[in-house]
Amino acid sequence: MAGVKLHRRGPLREGLKRFRRWWRRWRADVHLISYPKCGRTWLVLLIAEALQSHYGIRKRNPLRLREFQSRRFGIPYIHQHHDGGPEFLLPEELERDKSHYAGRKVILLVRDPRDVFVSSYFQKLKRNYNYEGSMQEYLKERRGGVESIVEFYNIWADQISVPDDFLLVTYEDLHADTAGELRRVLQFVGLPEVGDDAIVQAVESCSFNRMRELEANNVYRTGALSARDRSDLNSYKTREGRVGGYSRHLDEPSVAEIDGMIDAQLDTMYERYRLR
């Protein structure tokens, strides 16, 4: 293949990308899954910083958790992903068959669908540039809207018995007790030896202000943690970092509409997000 150039959108390049995605899914010991905008980048960096501190590993881009496996015997292959790009799909288009997770461990990170909805809106408006309407208009969107978020959660509630082991983590719990939740995650993936000092160091290194600084300066040279417009806070991945921030952006009728969908449709496994 010497001399062959892989064009950005050529079929060969796309084929290789699909193969890599398949290989990573097949190879993974642990899948860290979330609907986009649930705080996954924060959790990934927390895990990475704890591993770096405990094992003395330094990586230029610690956001690639899978690469730690080759740096130290005993670290599992952890693959973080969004389980098929649900933010671009209608609720009925979401993948329901999770049989390919059999024999693996799955961590599902979830967040209040109201906060996810607002954060998704700003992601598409300010970072992806693939939406131009108002938030009220976005509320009417079925593709990647509230219905898709709720259905994604529901599918996993129905499929939690498929993986060998399953751990549900909420953004809200991670926010309230970051060290405790990080320790729970590390124990689940098979790394109980990571000590308190490493966990404390990780929590301090991954404070909201620290992550905002990393993003503003594009320290890791990756689109996964870089601002689109440094002067516009809504273009940041680390946009607000708060629980219940949706109330600052949605009017009462919009909140009531979303609450109605959550109460009517969301599985009781996520009871904390329901009103009744």
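The protein's secondary structure consists of 10 helices and 4 strands. The model is a predicted one. Read from the N terminus, the elements follow the order α-β-α-β-β-α-α-α-β-α-α-α-α-α. Of the 276 residues in the protein, 51% are buried. Among the contacts with a separation of 6 or more, 70% are between residues 24 or more positions apart.

The 4 strands form an open sheet in the order 2-1-3-4, with parallel pairing. Strand 2 (78-81) and strand 4 (165-170) are the edge strands; each has a single partner strand, so one side of each has no neighbour in the sheet. From one strand to the next, the twist averages 20 degrees.

Strand 1 (residues 30-34) pairs with strand 2 in the parallel sense, over 4 bridges. Within these strands, Leu 32 is placed opposite Gln 80 of strand 2. Helix 7 (residues 178-189) lies across strand 1, strand 3 (105-110) and strand 4. The angle between helix 7 and strand 4 is about 165 degrees.

**Helix pairs**

Two packed helices are described by the angle between their axes and the distance between the axes.

| Helix pair | Angle | Distance between axes |
|---|---|---|
| Helix 3 (residues 113-127) and helix 10 (residues 252-265) | about 130 degrees | 10 Å |
| Helix 5 and helix 10 | about 25 degrees | 10 Å |
| Helix 2 (residues 40-55) and helix 8 (residues 196-205) | about 135 degrees | 8 Å |

On the helix 3 side the contact involves Pro 113, Arg 114 and Phe 117, and on the helix 10 side Ile 258, Asp 259 and Ile 262. By class, the contact of helix 3 with helix 10 holds 4 nonpolar and 2 charged residues, with no polar ones.

Helix 5 and helix 10 pack at about 25 degrees. An angle under 35 degrees counts as roughly parallel, so helix 5 is roughly parallel to helix 10. Helix 5 passes helix 10 in a right-handed crossing. Helix 5 contributes Val 146, Glu 147, Val 150 and Asn 154 to the contact, while helix 10 contributes Ile 258, Met 261, Ile 262 and Gln 265. The contact of helix 5 with helix 10 is made up of 5 nonpolar, 2 polar and 1 charged residues. Ile 258 and Ile 262 of helix 10 meet helix 3, and Ile 258 and Ile 262 are also in the contact with helix 5.

Helix 2 and helix 8 pack at about 135 degrees and are therefore oblique to each other. Helix 2 passes helix 8 in a right-handed crossing. From helix 2, Leu 46, Glu 49, Ala 50, Ser 53 and His 54 take part, meeting Ala 198, Gln 201, Ala 202, Val 203 and Ser 205 of helix 8. The residues of this contact divide by class into 5 nonpolar, 4 polar and 1 charged.

**A residue in helix 5**

Gln 159 belongs to helix 5 (residues 146-159). The relative accessibility of Gln 159 is 15%. Buried means under 20%, so Gln 159 counts as buried. Apart from neighbours within four places in sequence, Gln 159 is in contact with Arg 96 and Lys 98.

Definitions and conventions: Residues are numbered from 1 along each chain as its sequence is written. This is a predicted model: local features need pLDDT of at least 70, side-chain atom pairs count only at pLDDT 80 or more; totals for chains, interfaces and linings use all residues. Side-chain values use heavy atoms; hydrogens and water are left out. Axes are lines fitted to C-alpha atoms, for helices over the stretch in contact, and angles run from 0 to 180 degrees between N-to-C directions. Helices (H or I, at least four residues) and strands (E, at least two) are DSSP runs, numbered from the N terminus. Contact means heavy atoms within 4.5 Å. Ala, Val, Leu, Ile, Met, Phe, Trp, Tyr, Cys and Pro count as nonpolar, Asp, Glu, Lys and Arg as charged, and the others, Gly among them, as polar. Two strands pair if DSSP finds at least two bridges between them. Buried means under 20% relative accessible area, exposed over 50%, partly exposed in between (1.4 Å probe, protein chains only). Angles under 35 degrees count as roughly parallel, over 145 as roughly antiparallel, 65 to 115 as roughly perpendicular and the rest as oblique. A crossing is left-handed if the near helix is turned anticlockwise from the far one by less than a right angle, and right-handed if clockwise.
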